[in-house]
Amino acid sequence: MASITYDKATRRYAGSERPAVDALDLEIADGEFLVLVGPSGCGKSTSLRMLAGLEDIDDGAVWIGDRDVTQLPPRSRDIAMVFQNYALYPHMTVAQNMGFALKIAGRPASEIKQKVLEAAKLLDIEQYLDRKPKALSGGQRQRVAMGRAIVREPQVFLMDEPLSNLDAKLRVSTRTQIAALQRRLGVTTVYVTHDQVEAMTMGDRVAVLSDGLLQQCDTPRALYDKPANAFVAGFIGSPAMNLATAKLTAEGAEVGGARVPLTRETIAAADGDTVTLGFRPEALEVVTNEDGALPIKVDLVEELGSDAFVYGKLAQTDADDARPNVVVRVDPRTPPAMGDTLHLRIRPDELHVFSATSGLRLP
């Protein structure tokens, strides 16, 4: 087992205006499950491949434990990688696929058989050891790929969107199995995904990237409750946090005809006459008193059984095309109808305020 350190690690591609990964500083503890998440093109897979030795590092360094592995080839880094496309040998059985790396390393056949059997029991694929990959489902193939990584007993597991080829229901069950397995094995794991729900449910910590820059790295709860900037606020959470530009007043901010009180400290920290207000769907409550409330015209009601979400726009703004979209969680037993107008109040202790220029969180 080992810790991992990205020390201002940078990767530039020829012809690109900005680095794919820009001076990444990140420390991953021994035995930790860290998830790299962000939109397509943010640099998360490149960061993983830099750690694996599949991408060159132009500046900075990468350490695994107390070894600087920046210039080492992949085979010398003591890592095992699980890919999106499984990368199984079609002509080999499950057992042969799982034990192939040990066979190449010259391990005795008895040892290979024992390690493969132990991993197969752990992953509940003992009954498939004599099958070829073509006779397995997508979820079973992914478990074989996991087993191939486990038998090597590496210091670090690297997983690059391993569940993206699975259907929605299988993804949920498989991500639970992977998270439970990692905690049982205690192997340091770096996991890449674009699915923020996957990231929040699996990781001990989650690192959010955008345009090659690390935006925030913290526990899932801290990311949700105290996003460092407007990007993290809008990316983490499903449905996403509502973000609306509001004009500052002497007492607070005004948006859509509603008055939102802010502290003097927040108003003083703002760099301009506007701020970005953030409020999650569950931070809004429906009120009967229209005075000072946010009026939302209902465009769509999404009923999910235990939950219901209303999608709409602020009903009072100067320009119709400038009206921000708003999502609010409502009582699933008494949802409103399309075309209705709801009056909403933001719970003060669940309001987030960001700079309208830098996007950074204001106190």
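**Sheet.** I looked up the strand order in this predicted model and found an open sheet of five strands, running β15-β19-β16-β17-β18. The pairing in this sheet is antiparallel. I noted as background that strands of a sheet pair through backbone hydrogen bonds, either parallel or antiparallel.

**Edges.** Which strands stand at the edges? I find β15 (284–286) and β18 (325–330) there. Each has a single partner strand, so one side of each is left without a neighbour in the sheet. For the twist I noted an average of 45° from one strand to the next.

**β17 and β18.** I then followed edge strand β18 to β17, residues 308–314. The two pair in the antiparallel sense, and I recorded six bridges between them.

**Helix pair.** I turned to α2 (residues 94–104) and α4 (residues 138–151). Two packed helices are described by the angle between their axes and the distance between the axes, so I looked up both. The axes come within 8 Å and cross at roughly 30°. Angles under 35 degrees count as roughly parallel, so I logged α2 as roughly parallel to α4. The crossing of α2 past α4 is right-handed.

**Contact residues.** Which residues make this contact? On α2 I list V94, N97, M98 and L102; on α4 I list V144, G147, R148 and V151. Sorted by class, the contact of α2 with α4 has five nonpolar, two polar and one charged residues.

Terms used
Residues are numbered from 1 along each chain as its sequence is written. This is a predicted model: local features need pLDDT of at least 70, side-chain atom pairs count only at pLDDT 80 or more; totals for chains, interfaces and linings use all residues. Side-chain values use heavy atoms; hydrogens and water are left out. Axes are lines fitted to C-alpha atoms, for helices over the stretch in contact, and angles run from 0 to 180 degrees between N-to-C directions. Helices (H or I, at least four residues) and strands (E, at least two) are DSSP runs, numbered from the N terminus. Angles under 35 degrees count as roughly parallel, over 145 as roughly antiparallel, 65 to 115 as roughly perpendicular and the rest as oblique. A crossing is left-handed if the near helix is turned anticlockwise from the far one by less than a right angle, and right-handed if clockwise. Contact means heavy atoms within 4.5 Å. Ala, Val, Leu, Ile, Met, Phe, Trp, Tyr, Cys and Pro count as nonpolar, Asp, Glu, Lys and Arg as charged, and the others, Gly among them, as polar. Two strands pair if DSSP finds at least two bridges between them.
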